Amino acid sequence: MAVLPIIVAPDKRLKTKCKSVDSVDENIVQLMADMLETMYLAPGIGLAAPQIGVTKRIIVVDTAGKDEDPQPYKMVNPELLGVSEETWIHEEGCLSLPEHYADVERPERIAVRYLDETGTRKELEADGLLATCIQHEMDHLDGLLFVDHISALKRNMILRKLTKSKKLDLANAAE
Ligand code: K1U
Ligand code: ZN
C-alpha cells in the first residue's frame with residue numbers, strides 16, 4: 001500500500017469533472033486501498049480520487065468514531081438515487097483546503113448506488129455525518145469544493161489565504 005500526496009487548492013485538477021470507471025480491475029482495487037491509507041493517515045473521514053490527481057469517479061469514506069470499529073466504504077461510480085427534503089448543517093473541512101472550515105447545508109438523508117471493490121452494485125441509505133461526507137466526496141468528482149456552497153466573500157478569503165501560503169512554501173523551499 002502507499003500514502004499519496006494530497007493536492008491543495010487552488011489547483012485546476014480539483015475543478016475537473018471526473019470520468020466513470022469502466023471496470024473495477026486490480027489497479028482500481030489497489031488505488032482504493034492506497035486512498036484509504038492516505039485518508040486514515042491525514043487524518044480524514046473521506047477522500048476522493050481527484051484529491052490525489054486521479055480524475056476517476058472513486059471515493060472512500062469512513063466516519064466511524066475513534067472508539068468504534070472502522071467502517072470503510074469504497075465506492076466506484078457513486079450516484080445519488082434520492083435525497084431528503086430535510087437539510088442538515090455541518091461544519092465541513094477538506095484535506096485540500098487545510099485548516100479551513102465552514103458550515104454547509106446539505107440534504108440530511110441520501111440514498112446512493114455504487115460499485116464496491118468486487119464490482120458488485122450496492123445501494124446504501126445514509127444520514128447525518130455519513131450522508132454529509134458522501135455528498136462532500138461526490139462533489140469532488142464534479143470539480144466542486146465545500147467553499148462552492150458558501151458565500152463568494154468567504155470562498156475568496158479562503159482561496160486567497162491558500163494561494164498566499166503556497167507562495168510562502170515555494171519561497172521557503174527555494175531558500
Ligand atoms: O478532503 C476531504 O474530502 C476529506 C474531509 C471530509 C469531510 C469532512 C467534514 C465534513 C464532510 C467531509 C475530511 O476528512 S477533513 C478532516 C476531518 O473532518 C476529520 C479528521 C479527523 C477526524 C475527524 C474529522
Ligand atoms: Zn474534500
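Where does D116 lie? Hold that for a moment while I set the ground rules.

This is a predicted model, in which local features need pLDDT of at least 70, side-chain atom pairs count only at pLDDT 80 or more, and totals for chains, interfaces and linings use all residues. Residues are numbered from 1 along each chain as its sequence is written, chains are lettered from A and ligands numbered from 1 in the order in which they are written, and side-chain values use heavy atoms, with hydrogens and water left out.

Back to D116. It lies in the loop between β6 (109–115) and β7 (121–127). A word on those labels: helices (H or I, at least four residues) and strands (E, at least two) are DSSP runs, numbered from the N terminus. D116 is buried, at 12% relative accessible area. Buried means under 20% relative accessible area, exposed means over 50%, and partly exposed is in between, with a 1.4 Å probe and protein chains only.

What does the D116 side chain touch? It makes a polar contact with the side chain of T118, at 2.8 Å. It also makes one with the side chain of K122, at 2.9 Å. A polar contact is a pair of N or O atoms within 3.5 Å; within protein, one must be able to donate a hydrogen and the other to accept it, and residues adjacent in sequence count only if both atoms are side-chain atoms.

Now the metal. Which residues are the protein donors of the zinc ion, ligand 2? They are C94 (SG), H136 (NE2) and H140 (NE2), lying 2.1 to 2.3 Å from the zinc ion. Donors here are N, O and S atoms within 2.8 Å of the metal (3.2 Å for Na, K and Ca); water is not among the atoms, so sites may look incomplete. In sequence, the spacing of the donor residues is C-x41-H-x3-H. C94 sits in the loop between β4 (87–92) and β5 (102–107), and H140 sits in helix α2 (residues 128–141), so this pair ties together parts that are 46 residues apart in sequence. Both C94 and H140 are buried.

Next, ligand 1. How many residues surround ligand 1? There are 14, and the closest are I45, G46, Q51, L95 and E137. For that shell, a residue is near a molecule or strand if one of its heavy atoms lies within 4 Å of it. Helix α2 gives the most to the shell, with five residues.

Look at the oxygens of ligand 1. An oxygen atom of ligand 1 is 2.6 Å from a polar backbone atom of L95. For the side chain of E137, an oxygen atom of ligand 1 is 2.7 Å from an N or O atom. For the side chain of H136, the corresponding distance is 3.0 Å. Taken alone, ligand 1 exposes 530 Å², and the protein buries 77% of that. Those areas come from the Shrake-Rupley method with a 1.4 Å probe; for residues, only the protein chains shown count as cover.

Where does ligand 1 sit? In the largest pocket. On a 1 Å grid over the protein atoms alone, a pocket is an open set with protein on both sides within 12 Å along at least five of seven lines, whereas a cavity is a set of points where a 1.4 Å probe fits but cannot get out; lining residues have an atom within 4 Å of a point. To sit in one, a molecule needs more than half of its atoms within 2 Å of its grid points.

Now the backbone. A cis peptide bond joins A9 and P10, with omega about -5 degrees. P10 is in the segment before α1. D11 counts as buried at 18% relative accessibility, and its side chain makes a polar contact with the side chain of R13, at 2.7 Å. The peptide bond from A42 to P43 is also cis, with omega near -10 degrees. P43 is in the loop between α1 and β1 (46–48).

Two phi values to check. N77 is not a glycine, yet has a positive phi of about 50 degrees. N77 is in strand β3 (residues 73–83) and is buried, at 17%. E99 is not a glycine either, and has a positive phi of about 70 degrees. E99 lies in the loop between β4 and β5, and is exposed at 71%. E99 and I158 are 59 residues apart in sequence and 9.6 Å apart in space, C-alpha to C-alpha.

Last, M32. It is in helix α1 (residues 26–41) and buried, at 0% relative accessible area.
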